[in-house]
Amino acid sequence: MSNQTHKDVYVNPPDENYPGARQRSKPGQGPAEETYDRTKDAYGNIVTDKPANRAILASQKRRLEHEAKLKSHTEQRKAKSKLNSTRSSIWSILPFLIFLPLLSSFLTQTYSFGLSPYFLPPLRRFWAETPLNPFKVEMKMFTPQSLALYDGKEDRPVYLAIDGTVYDVSSNRRIYGKGGSYNMMAGRDASRAFTTGCFETHLTHDTRGLSEAEIASLEHWKSFFANHEKYPKIGYVKNPPLTDSDPIPEPCRVAEPEPDSKGQHAPGEAAAKKGKSKPEPVHG
Ligand code: HEM
């Protein structure tokens, strides 16, 4: 099957030059060329998803998934070990935290190394009122009438108010409850009586016309209740406004507190000097 083009020279016909070789065609002119979608491989290269690439692309995908899984497992393990170490550090300082108040109680007969009068009450007040406190007690609003229900005569809690702020004094029913020596102060805002000691005629929130010493005395009682561990603040009373036509209460028989005493209450002591007697229980 050879062609003789020149004498003595034999040339193979074109399809026999490279047996099995396909006829090459120019791009676009070939018979039914297949086109493939383009895609990105794991490294961001743009490749076609022709069958020859598919296996590589699939293996790259599997490797990436595997690496992501490994990474998330490592992160989870790290987070867990961090949590465990925090827990174990809390447990390790717990005995110390329990020991501190015991030591304080042994040394100073208080649980806070005697810091209470200066440090704890403001802290406690802040904690009681801050929105950060999840156990914050919502403050109640009273009218003089609704406050009067808590005067200790019934089985209800005992409340008293001073300068508009209401405290729960139920923990001291013996003094403020029925028959108690200061029962007349319960269920009302008797700010004036706190400063003047007129427990019969000054059971009012009217603090007009008080002397400097009496104002200092009022401040003393306000901070006494605000800082008292057993008298939680529970709300406010809306006292009726006073007008010029309301007369300022007359001074009563009890003399004004000594200016140098700054309104401090030392039961019995100052009174004994002046020959006064403790207020009698008021029944009503
Ligand atoms: C301005 C005059 C006075 C005011 C405003 C006043 C007010 C008070 C108040 C509010 C309490 C209760 C404190 C608490 O919650 O723990 C109290 C207790 C006490 N007061 Fe007065 N007081 C005055 C004068 C007197 C006088 C003249 C005496 C008599 C000597 C006296 C003797 C006592 C006693 C013994 C207690 C303790 C009651 C107890 O634990 O049973 N107070 N005072």
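I take two strands to pair if DSSP finds at least two bridges between them. Strands (E, at least two residues) and helices (H or I, at least four) are DSSP runs, numbered from the N terminus.

**Entry 1. Model and confidence.** I note that this is a predicted model, in which local features need pLDDT of at least 70 and side-chain atom pairs count only at pLDDT 80 or more, while totals for chains, interfaces and linings use all residues. Residues are numbered from 1 along each chain as its sequence is written. I looked up the pLDDT, the predictor's confidence in each residue, from 0 to 100. The protein chain averages 82, and 76% of the residues score at least 70. Over residues 256-263 the pLDDT is below 50, and this stretch has 18 contacts in the model beyond near neighbours in sequence. Residues 266-276 are likewise below 50 and have 6 such contacts. I count a contact where the C-beta atoms of two residues, placed from the backbone, lie within 7 Å.

**Entry 2. Overall content.** I find 8 helices and 8 strands in the protein chain. Of the contacts with a separation of 6 or more, 56% are between residues 24 or more positions apart. Buried residues make up 14% of the 284 residues. Here a residue is buried if 20 or more other C-beta atoms lie within 10 Å of its own, exposed if 12 or fewer, and partly exposed in between.

**Entry 3. The sheet.** I traced an open sheet of 4 strands with mixed pairing, in the order β5-β8-β7-β6. β5 (140-142) and β6 stand at the edges with a single partner strand each, so one side of each has no neighbour in the sheet. On average, neighbouring strands are turned by 35° against each other, direction ignored; the axes are lines fitted to C-alpha atoms.

**Entry 4. The β6-β7 hairpin.** I looked at how β6 meets β7: the two run antiparallel and are joined by 4 bridges. They form a hairpin with 2 residues between them, and aspartate 163 in the turn has a positive phi of about 50°. Across the pair, tyrosine 159 stands opposite aspartate 168, and alanine 161 stands opposite valine 166. From β6, Tyr159 and Ala161 point one way and Leu160 and Ile162 the other, and all are buried.

**Entry 5. The core.** I define a nonpolar core as a set of buried Ala, Val, Leu, Ile, Met, Phe, Trp, Tyr and Cys residues joined through C-beta atoms within 7 Å. The largest has 22 residues, and Tyr159, Leu160, Met185 and Ala186 have the most contacts inside it. β6 (159-162), β7 (165-168) and α6 (191-196) each give two or more residues to this core. The largest share, 4 residues, comes from β6. Which residues does leucine 160 contact, leaving aside its neighbours within four places in sequence? I find Tyr167, Val169, Tyr176, Met185 and Ala186.

**Entry 6. Aspartate 246.** I located aspartate 246 in the loop between β8 (233-237) and α8 (269-274). Aspartate 246 is exposed because 12 other C-beta atoms lie within 10 Å. Aspartate 246 and aspartate 206 are 40 residues apart in sequence and 9.6 Å apart in space, C-alpha to C-alpha.

Entry 7. I checked the UniProt record, an unreviewed entry, which annotates residues 88-107 as "transmembrane region". In the model this span is 100% helix and 0% strand, and its end C-alpha atoms lie 30 Å apart. UniProt positions are given in the numbering used here, feature names are shortened, and annotations may be inferred rather than shown by experiment.

Conventions
Axes fitted to C-alpha atoms, helices over the stretch in contact; angles between N-to-C directions.
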